Each structure stands twice: as C-alpha cells, then as structure tokens.
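Here are my notes on the model you sent over. Have it open while you read, and take the points in order.

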Amino acid sequence: MIREDEVYKIGMLTKTHGVSGELNMAFTDDVFDRVEAEYVVCRMDGILVPFFMEEYRFRSDTTVLMKFEGVDTEEQARRMVGVEVYFPKALTEEVREGEYTWSYFTGFTVVDTVHGELGQVEAVDESTLNVLFEVATPSGGKILLPAGEDLVEDIDHKNRKIYMTLPDGLLALGE
C-alpha cells in the first residue's frame with residue numbers, strides 16, 4: 001500500500017484527449033520526465049494507486065498528454081478526469097543536483113538557520129514571480145515563505161529538510 005508520506009503531488013488529470021484513453025495532465029513538476037520512472041501515482045476513490053505510463057508527450061511547459069497502461073478507451077479515461085497525480089519520493093533521489101523544481105520540496109521540513117524548524121512545506125505557490133512555500137507550522141498555523149535560491153543554504157534529501165536563512169524580521173511579521 002502506498003502511503004501519503006511516500007509521494008508528493010505533481011499535477012492533475014484535467015480532460016480526455018481523443019478516443020484511445022489519452023489524458024491531458026496539468027503538471028507543476030516534470031520529474032516523471034527527468035528520472036527513470038515507469039509509473040506515477042493517482043488518487044482513486046481516496047486510495048493512492050500506481051498507474052504505469054505507456055507513453056506521454058508534452059503539449060506545453062505545463063501540460064502533457066499521458067497514456068496509461070490499461071486505460072484504452074475514452075470512457076475509461078473520462079473516469080480519471082479530475083484525479084490528482086503524485087510522484088514517489090523515493091524515485092526523486094535520482095534527480096541530479098540543480099534539476100529540482102520548487103514543487104520537489106513539497107513535504108520537506110523548512111529549517112531556518114536562526115529560528116530552527118519552522119514546519120513542513122504543504123504546497124508551492126508559483127502563480128507570481130515570487131515563488132512561495134506554504135508551510136504548515138507545528139502549532140497548526142500556516143506561513144508563507146519566499147522560496148528564493150539565495151535563501152537556501154543546504155538541502156538534506158535523505159531526511160527531506162531544506163535549510164534556509166530567512167531575512168531578518170520576516171518571521172516576526174506573522175506574529
């Protein structure tokens with residue numbers, strides 16, 4: 001059984017394409033193309049299920065046409081529209097240094113060099129030029145942190161931690 005903490009969200013199946021079971025997937029991370037991966041994980045009826053990729057082709061920098069094994073008709077594909085797509089964290093260890101997208105850090109714990117552990121990255125907001133980490137704090141709150149490369153001091157991939165030096169006073173604004 002695949003557990004929630006073993007995957008991170010990379011996209012959503014948005015609509016069918018053609019009659020042979022192809023699906024349009026809007027993605028936030030193209031990790032499936034950068035590592036040797038045979039499958040992605042989809043949330044089907046609340047359960048994480050692996051789906052093996054037969055083939056895929058990019059339509060743009062945020063969408064891909066995906067064909068899964070065993071999904072061969074438009075009707076079968078239609079049942080998958082709106083399904084969230086995840087990628088196994090274990091396979092991301094193959095990603096070479098410098099090939100990370102911001103979404104890769106979903107699930108990482110943010111550690112500030114001054115304040116210590118701040119919480120876990122739940123999502124990444126890339127809707128503006130200033131990319132933000134949406135961090136769930138241990139107290140149940142949420143904070144938004146800038147995700148600039150210049151703020152990242154170190155990355156511990158094995159323990160899924162990202163060490164940052166945040167600007168003075170930034171955390172005080174949320175208090």
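**Notes on the model**

1. Let's start with Val 7, which is buried at a relative accessible area of 6% (buried is under 20%, exposed over 50% and partly exposed in between, using a 1.4 Å probe and protein chains only). Val 7 sits in strand E1; strands (E, at least two residues) are DSSP runs numbered from the N terminus. Beyond residues up to four places away in sequence, Val 7 touches Ile 2, Val 41, Leu 48, Tyr 86, Phe 87, Pro 88 and Lys 89, where contact means heavy atoms within 4.5 Å. Leu 170 is 163 residues from Val 7 along the chain, and their C-alpha atoms are separated by 30 Å.

2. Before going on, a word on the ground rules. This is a predicted model, so local features need pLDDT of at least 70 and side-chain atom pairs count only at pLDDT 80 or more, while totals for chains, interfaces and linings use all residues. Residues are numbered from 1 along each chain as its sequence is written, and side-chain values use heavy atoms, with hydrogens and water left out.

3. Which residues touch the most other members of the largest nonpolar core? They are Phe 32, Phe 68, Phe 87 and Phe 133, in a core of 43 residues. A nonpolar core here is a set of buried Ala, Val, Leu, Ile, Met, Phe, Trp, Tyr and Cys residues joined through side-chain atoms within 4.5 Å.

4. Now the rings. There are nine aromatic pairs in the structure; Phe, Tyr and Trp rings (the six-membered one for Trp) pair if their centres lie within 6.5 Å, with planes under 30 degrees apart stacked, over 60 edge-to-face and the rest tilted. Phe 27 and Phe 32 make an edge-to-face pair, 5.7 Å centre to centre with 90 degrees between the planes, and both are buried.

5. Phe 105 is buried at 4% relative accessible area, and Phe 133 counts as buried at 0%.

6. On to the largest pocket, with about 410 Å³ of space. Of its 21 lining residues, Tyr 8, Lys 9, Tyr 86, Thr 106 and Glu 122 are the closest to its centre. (A pocket is an open set of points on a 1 Å grid over the protein atoms alone, where a 1.4 Å probe fits, with protein on both sides within 12 Å along at least five of seven lines; lining residues have an atom within 4 Å of a point. Points are joined across faces, edges and corners, and the volume is the space filled by probe spheres set on them.) Strand E1 gives the most to the lining, with six residues.

7. Thr 106 is in the loop between strand E6 (84-88) and strand E7 (109-112). Thr 106 is buried, at 14% relative accessible area, and its contacts outside four places in sequence include Tyr 8, Glu 122 and Arg 160.

How values were computed:
Helix = DSSP H or I, 4+ residues; strand = E, 2+ residues; numbered from the N terminus.
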